[in-house]
Each structure stands twice: as C-alpha cells, then as structure tokens.
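Here's a quick briefing to read alongside the model. Have the sequence and the 3D view open as you go.

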Amino acid sequence: MSTSTPTPITRFDSMPTDAYFFGTCVLDIFMPEAGMDAMTLIEQQGIRTHFPMGQSCCGQPAYSSGHPEEAFNVAKEQLDLFPENWPIVVPSGSCGGMMKHHWPKLFKGSEYEQKANDIAARVIEFTHFLLAIGYHPEDQGAPVKVAVHTSCAARREMNVHLSGWQLVDGLTNVERIVHDHESECCGFGGTFSVKHPDISGAMVTDKVNALKDTRATEIISADCGCMLNIGGKIAKDEPSMPAPKHIATFLLERTGGKA
C-alpha cells in the first residue's frame, strides 16, 4: 500500500487562464468522449485547454508491476510535454497519483529529477481542479439517484472520493446513494486483473452486486480503468443495470452542456 500523503482540496490563488490536459492511455483508447467532455467542461469555465499530442502513458502499469526501469523509460517521454507553468489536469486519480507522488521517486537522482518534480507540483486531478477553480454546477437535470465509485488508488493518494462527493452533492436534483463496498477495490488494479483473474472476478462481482442493491439509475466514476472493469461485468451479467459513466460526462449532461 502506498504511503503517499493524500492531496488536499485547495483553491487556486488566482484563476488559471490555461491548463494542460493529460488524457491517460486508458481514457484515450477506450473512452475518448469522456476526455472530450472533461475538456469541454474546463473550457466552459473560460480556461484554454491544451492537449499535448505526444502524450501516451504515465508509466503506472509497469511501475505497479515491479518494473521501474520500464516505467522510467515510458514516463520520461512525457516530461517535455508541459513546458509552460500551467496546471496539468488528469482525469484519473490513479494516473494523477502516479505523476504527482511517484514520478519524484522514480526520477530521483537522474537528470530528469528537477523536471519531474516541477511537473508533479502542477499535477491536479480533474475533480480537484473543478473545485480549485470554484466550479459550482447549476443542475438542469431531472431528479436521479446516483452511486459513485472511486478507485482505491484515487482515494488513497488523491482524495478523489471527497471531491467527487462534493461535486455530486452540489447538484440539487441528484441523490447520492452510499453503497456497501464503496471504499473497496473493484478488482481491476491494472495488471492485477490479468495476473489474478479469479480474485479480480470475485471482487468485481461483489462491487456490482453492491451497486445493484442501491437501485441507482446512474453509476459514475472518475477512473476509466474501474469503469472498464465494472462496466464489463455489468454488460456481461447485469445488462439491466446502467453502464458506468465518467463524472465529466455526468456533470456536462447535468448542466446542459451535452445533448
């Protein structure tokens, strides 16, 4: 378990005019619309959003699997993508945690140490960023019951459960249903689900059963890896349940920015 200090939710001293968007490889490959929705939401707040086209992976899969050299080589390719002193918004608490808390350790003692530390200081998870700029969504949707899932890494390192709850609770027509197993891992864990499929399958079964018991009409998350795992289980075994939705898409829909 990581011993990183969770990132607190704080406000910017002044409103940023520009921000980088690091889309993460999972979101870019499997759920690009969620990334577009997140950037749209940021730009609606008057902030120019920049998507460095050379971005790929933060190195977390290799790092968490015990391959620091491979993680180093992947992550170092990202270091020149953020030259301006702008916030770096990451729509995933687990990837954000890798960049903010683990890059400084990964690059310590190397020629890239200072650059990695500078980037880590500017990394901010997407829901934290919205709160940091004072985002107050005006709910335009019909009454709905919502269950929120946050990845275990996002909870532990970035406090994404707190920021996600705060954003959802600020929507006047949304009732957030706290479900059993909410704080537990969905079983994805990057390569964990590949190396230990039986354990992973049992964990996601428990998670989906707990979500089903809430009778929520929306399931939202801020981490696409969890969404893939939970969504795959739902599609296979519980097709009557709603598919998980990224919180960026959910917020954009609720505030009238998405048809």
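Let's start at Lys212, which counts as partly exposed because its relative accessibility is 40% (buried means under 20% relative accessible area, exposed over 50%, partly exposed in between, with a 1.4 Å probe and protein chains only). This is a predicted model, where local features need pLDDT of at least 70, side-chain atom pairs count only at pLDDT 80 or more, and totals for chains, interfaces and linings use all residues. Residues are numbered from 1 along each chain as its sequence is written, and side-chain values use heavy atoms, leaving out hydrogens and water.

**Around Lys212**
- Lys212 sits in helix α11 (residues 197-214); helices (H or I, at least four residues) and strands (E, at least two) are DSSP runs, numbered from the N terminus.

**Salt bridges**
- The structure has 11 salt bridges, each a side-chain nitrogen of Lys or Arg within 4 Å of a carboxyl oxygen of Asp or Glu.
- One of them pairs Asp80 with Lys115, with the closest N and O atoms 2.5 Å apart.
- That pair ties together parts 35 residues apart in sequence, because Asp80 is in the loop between α4 (68-76) and β3 (88-90) while Lys115 is in helix α6 (residues 113-122).
- Asp80 is exposed at 57% relative accessibility, and Lys115 is partly exposed at 38%.
- Arg122 and Asp118 also meet in a salt bridge (2.9 Å, N to O), and both lie in helix α6, 4 residues or about one turn apart.
- Arg122 is buried at 10% relative accessibility, whereas Asp118 is partly exposed at 34%.
- Glu253 bridges to Lys245, with 2.9 Å between the closest N and O atoms, and shared partners join Glu218, Lys245 and Glu253 into one network.

**Pocket and cavity**
- The largest pocket holds about 850 Å³ of space; of its 37 lining residues, Gln60, Ser64, Ser94, Gly189 and Gly190 are the closest to its centre.
- For the terms: on a 1 Å grid over the protein atoms alone, a cavity is a set of points where a 1.4 Å probe fits but cannot get out, a pocket is an open set with protein on both sides within 12 Å along at least five of seven lines, and lining residues have an atom within 4 Å of a point.
- Grid points are joined across faces, edges and corners, and a volume is the space filled by probe spheres set on the points.
- Helices giving at least two residues each to the pocket lining include α3 (60-64), α5 (93-106) and α12 (224-237).
- The search of the whole structure turns up 1 cavity of 30 Å³ or more, and the largest cavity has about 40 Å³ of space.
- Residues lining that largest cavity include Thr127, His149, Val160 and Ile247, and β5 (144-149) and α9 (160-169) each supply at least two of the lining residues.

- Thr24 isn't a glycine, yet its phi is positive at about 70°; Thr24 lies in the loop between β1 (18-21) and α1 and is buried at 6% relative accessible area.
- His181, also not a glycine, has a positive phi of about 75°; His181 is in the loop between β6 (174-176) and α10 and is partly exposed at 22% relative accessibility.
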